[in-house]
Structure formats: C-alpha cells, structure tokens
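Here is a short briefing on one protein chain and its ligand. Read it with the structure open.

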Amino acid sequence: MSVTIPDCIFCKIVTKEIPANLIYEDDQVIALKDIHPRAKVHLLLIPRIHVPSLAQLETKHEGLMSHMMLLLPNLAHRQDLHRGFRIIINTGKGGGQEIDHLHMHLLGGPQLPGF
Ligand code: AMP
Ligand code: ZN
C-alpha cells in the first residue's frame with residue numbers, strides 16, 4: 001500500500017512532505033479541507049495509494065472503494081451535514097480533474113445549488 005508518485009501533490013500530503021490540516025486519517029485514506037472551498041463544507045477524501053483517477057481503478061481496489069464510500073456519510077455527519085451532502089469525483093481532463101490522484105469531493109452546507 002505504499003505506491004507514491006514524486007510530483008503528485010496529494011502523494012506529498014499523504015507522506016507529509018507538504019503540511020496539511022487533516023481532519024481524518026486511517027491506514028487507507030486521509031481527509032482534509034479543500035484549499036479553495038466551493039461550499040461551506042468542502043472536504044477531499046484521498047486514498048493513500050496513488051491511483052490516477054476513477055478510470056484507472058482495478059478489481060484489487062474494491063475494498064478501498066467500499067471503505068471510502070462507507071466513510072463519506074460518516075465524515076458528512078461529523079461536519080453536521082444532517083440534511084444531506086454532495087459527492088463529486090471529477091475524472092480525467094474532460095471531467096474537470098486537475099490533480100491526477102483519485103479523490104472524492106464532499107460538499108455541503110446551506111442548500112447546495114441544483115446540479
Ligand atoms: P479536481 O479538480 O477534482 O482535481 O480537484 C482538485 C482539488 O484539490 C481542487 O478543489 C483544489 O482546490 C484542491 N487542492 C489543491 N491543492 C490543495 C491542497 N494543497 N490542499 C487542499 N486542497 C487542495
Ligand atoms: Zn499521488
């Protein structure tokens with residue numbers, strides 16, 4: 001579980017080469033506040049291993065993906081998002097992905113705009 005890429009900003013946060021204010025961490029993932037929040041609550045849930053995007057997932061990542069999905073409502077609850085939240089996974093350049101290390105955006109707060 002120690003795949004890291006030297007020039008990847010999220011790998012550097014995972015290895016603590018770049019300081020970050022983690023709001024959650026375990027052996028598989030970290031969560032932190034997005035540096036440019038698009039909602040009152042805007043977290044990023046990031047796997048410790050470097051997977052470039054959703055499009056590169058393999059069957060071996062099944063456990064990691066279910067771990068992340070099950071964690072999201074838990075993180076939302078801790079942020080007091082009891083009325084609901086939004087998950088976004090930008091995938092590839094055409095999907096608006098800027099950082100090529102898989103991550104899930106967790107957004108919430110006062111009513112989010114329609115999508
Ligand atoms: P995406 O467009 O899905 O690749 O989103 C990347 C997100 O990472 C953007 O919302 C950025 O604001 C966020 N981001 C970039 N650098 C950092 C950082 N050092 N700490 C927290 N969030 C970051
Ligand atoms: Zn990475």
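Contact here means heavy atoms within 4.5 Å. The model is predicted. By the contact rule, and leaving aside neighbours within four places in sequence, histidine 103 touches Phe10, Leu44, Leu45, Ile46, Ile88, Ile89 and Gln97.

**Histidine 103**
- UniProt places the feature "active site" at His103, in an unreviewed entry. That annotation may be inferred rather than shown by experiment.
- Histidine 103 sits in the loop between E4 and strand E5 (104-108).
- Its relative accessible area is 6%, so histidine 103 is buried. The cut-off for buried is under 20%.
- A polar atom of the histidine 103 side chain lies 2.6 Å from the backbone oxygen of histidine 101.
- The side chain of histidine 103 also faces the ligand: an N or O atom there is 2.7 Å from an oxygen atom of ligand 1.

**Ligand 1**
- Around ligand 1 there are 17 residues; Asp34, Arg38, Glu98, His103 and His105 come nearest.
- In the side chain of aspartate 34, an N or O atom lies 2.5 Å from an oxygen atom of the ligand.
- Glutamate 98 takes part through its backbone: a polar atom there is 2.7 Å from an oxygen atom of ligand 1.
- On its own, ligand 1 has 500 Å² of accessible area, and the protein covers 89% of that.

**Histidine 50**
- Where is histidine 50 in the chain? Its place is the loop between strand E3 (41-47) and helix H2 (62-78).
- Is histidine 50 buried or exposed? With 15% relative accessibility, histidine 50 counts as buried.
- The histidine 50 side chain makes a polar contact, at 3.3 Å, with the side chain of histidine 101.
- A polar atom of the histidine 50 side chain is also 3.3 Å from the backbone oxygen of aspartate 100.
- Beyond neighbours within four places in sequence, histidine 50 is in contact with Val3, Thr4, Ile5, Cys8, Cys11, Asp100 and His101.

**Cysteines**
- Cys8 and Cys11 are among the contacts of histidine 50.
- Cysteine 8 has 8% relative accessibility and therefore counts as buried.
- Cysteine 11 has 2% relative accessibility, so cysteine 11 counts as buried too.
- How many disulfides are there? The count is zero, taking a disulfide as a pair of cysteine sulfur atoms within 2.5 Å.

**Positive phi in loops**
- Most residues other than glycine have a negative phi.
- Lysine 16 has a positive phi, near 70 degrees. Lysine 16 lies in the loop between helix H1 (9-14) and strand E1 (22-25).
- With a relative accessible area of 54%, lysine 16 is exposed.
- Aspartate 80 has a positive phi as well, near 65 degrees. Aspartate 80 belongs to the loop between H2 and strand E4 (86-88).
- Aspartate 80 is exposed, at a relative accessible area of 58%. The cut-off for exposed is over 50%.

**Annotated domain**
- An unreviewed UniProt entry carries the annotation "domain: HIT" for residues 9-115.
- Over residues 9-115 the chain is 21% helix and 22% strand. The end C-alpha atoms of that stretch are 28 Å apart.

Notes: Residues numbered from 1 in each chain as written. Chains lettered and ligands numbered in written order. Predicted model: local features only at pLDDT ≥ 70, side-chain atom pairs only at ≥ 80, totals over all residues. Heavy atoms only, no water. Helix = DSSP H or I, 4+ residues; strand = E, 2+ residues; numbered from the N terminus. Buried < 20%, exposed > 50% of the residue type's maximum accessible area, 1.4 Å probe, protein only. Polar contact = N/O pair within 3.5 Å; in protein donor to acceptor, adjacent residues only side chain to side chain. Near = heavy atom within 4 Å. Areas by Shrake-Rupley, 256 points an atom, 1.4 Å probe, with all protein chains shown as cover.
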